[in-house]
Amino acid sequence: MEPSGKSKCCSLRPLTFFLIIFLLVFFGWTGRPRTSSSTRAFGGLLHSMGVLSPRIPMPRTRPEGEGIEADRKPPGMQVVKLPRMLYPQPAVLTPSRKDVLVLTPWLAPIVWEGTFNIDILNEQFRLQNVTVGLTVFAIKKYVVFLKLFLETAEQHFMVGHRVNYYVFTDRPADMPRVALGEGRRLVLLQVPGATRWQDVSMRRMQMISDFCERRFLREVDFLMCVDVDMRFRDHVGVEILSPLFGTLHPGFYGATRQAFTYERRPQSQAYIPRDQGDFYYLGGFFGGSVSEVHWLTVACHQAMMADHANGIEAVWHDESHLNRYLLDHKPTKVLSPEYLWDEQLLGWPAVMRKLRFVAVPKNHQQIRN
């Protein structure tokens, strides 16, 4: 009986094989894969029969005309052909600058002339198609600085990239006419004035945070916040762009932390003890991605409101709160004093190879009152 049973089983195998081949052809397994429930059920049947081993996954069937290179493209990524660029090879054993610190202890670059190749950076940011927002406050008499500020920005700020100038002012009728290049536009944001210049300075944080929610988050990728009583003197470009950056104060870049004019009263939200602090950042040039700037300005405004409720005002107003914030939330990039300098007060030391953004000579008392 046993031999005859084996012969019957063997005689059924060719029939079973041809039946499977027929079903494969019928359900399209030799062509494009089907996704119907019957196909999936049949695939499971074949696996259970051992015809298709469950240890060997079925390869993804490519659409007609698609080659093997398609498997190497990440989904959703656009293939971009970079132009051929020629530039000096970076020398690992030769530092870009020996006279200054170029990297913070938390590995954020400090941007000095000689530490970057602007051609490489320009190409990278053009591929990202970024738009940069630049905010300034031209309140009361400070509107007189706006024309020179905008004219020099057109010459030196983010040249070749899209820029939105956001001008906060209480004097829209006094706005100057300045010719802007392609892809650059001026946006007037009318705001109320203030009695004291300190109030104008401190209200910046609130206004910037409000407009981040109202429009900046939708309109630009990066946001810079700078003083208006300045002029651009040399290149300021995409080398500064980073999620969060601050700028070294020109009066304290060589000082110890004990000499920094931080807020030293523990009652203030801006308080920094004498044994803490990395750098002293100025309030006239900071920025980053719009979301990071939004968080920064919200935090600083809330801290100032808490101080106001407790009857205290930080020694250097919003700048004191900015320094507290950047101590707790380390910037991803730090700008050297090249990016804000006062030549009238500080001259031009050799360590500053370029003066990029400089103070306009003025009578502070006359402008502020």
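Let's start at Glu263, whose side chain reaches the backbone nitrogen of Val315 at 2.8 Å. That is a polar contact, meaning a pair of N or O atoms within 3.5 Å; within protein, one must be able to donate a hydrogen and the other to accept it, and residues adjacent in sequence count only if both atoms are side-chain atoms. Glu263 also has a polar contact of 2.8 Å with the side chain of Arg265.

Before going on, a word on what you are looking at. This is a predicted model, in which local features need pLDDT of at least 70 and side-chain atom pairs count only at pLDDT 80 or more, while totals for chains, interfaces and linings use all residues. Residues are numbered from 1 along each chain as its sequence is written, and side-chain values use heavy atoms, with hydrogens and water left out.

Back to Glu263. You'll find this residue in the loop between S7 and S8; helices (H or I, at least four residues) and strands (E, at least two) are DSSP runs, numbered from the N terminus. Is Glu263 buried or exposed? Glu263 is buried, with a relative accessible area of 2%. For us, buried means under 20% relative accessible area, exposed over 50%, and partly exposed in between, using a 1.4 Å probe and protein chains only. Leaving aside neighbours within four places in sequence, Glu263 is in contact with residues including Tyr271, Ile272, Glu313 and Ser320, where contact means heavy atoms within 4.5 Å.

A polar atom of the Asp342 side chain lies 3.1 Å from the backbone nitrogen of Gln344. Not counting residues up to four places away in sequence, Asp342 touches Gly347 and Ala359.

Now for the rings. A pair of aromatic rings is described by the distance of the centres and the angle of the planes. Rings of Phe, Tyr and Trp (its six-membered ring) pair if their centres lie within 6.5 Å; planes under 30 degrees apart count as stacked, over 60 as edge-to-face and the rest as tilted. How many aromatic pairs does this rule give? The count is 20. Take Phe137 and Phe168: their centres are 4.3 Å apart and their planes are at 5°, so this pair is stacked. Phe137 sits in strand S2 (residues 131-138) and Phe168 in strand S3 (residues 162-169), so to speak linking distant parts of the chain, 31 residues apart. Both of these Phe residues are buried.

A tilted pair is formed by Tyr253 and Trp341, at 6.0 Å centre to centre and 55° between the planes. Here Tyr253 is partly exposed at 35% relative accessible area, whereas Trp341 is buried at 1%. Ring pairs also join Phe149, Phe157, Phe232, Phe245, Phe285 and Phe357 into a cluster.

Some rings have a charge over them, which here means NZ of Lys or CZ of Arg within 6 Å of the ring centre and within 35 degrees of the ring normal. Arg214 lies over the face of Phe211, 4.2 Å from the ring centre, and Lys362 has its charged end over the ring of Phe145, 5.9 Å from the centre.

Next, the inside. A nonpolar core is a set of buried Ala, Val, Leu, Ile, Met, Phe, Trp, Tyr and Cys residues joined through side-chain atoms within 4.5 Å. Which members of the largest core touch the most others? Among its 41 residues, they are Phe168, Phe216, Leu223 and Leu296. Helix H5 contributes the most to this core, with eight residues. A second, separate core has 39 residues, including Val130 and Phe285.

Last, confidence. The predictor's confidence in each residue is pLDDT, from 0 to 100, and the protein averages 84, with 75% of the residues scoring at least 70. Residues 1-6 fall below 50 and have zero contacts in the model beyond near neighbours in sequence. Residues 28-74 stay under 50 as well, with 33 contacts beyond four places in sequence. Where pLDDT is low, the predicted coordinates should not be read in detail.
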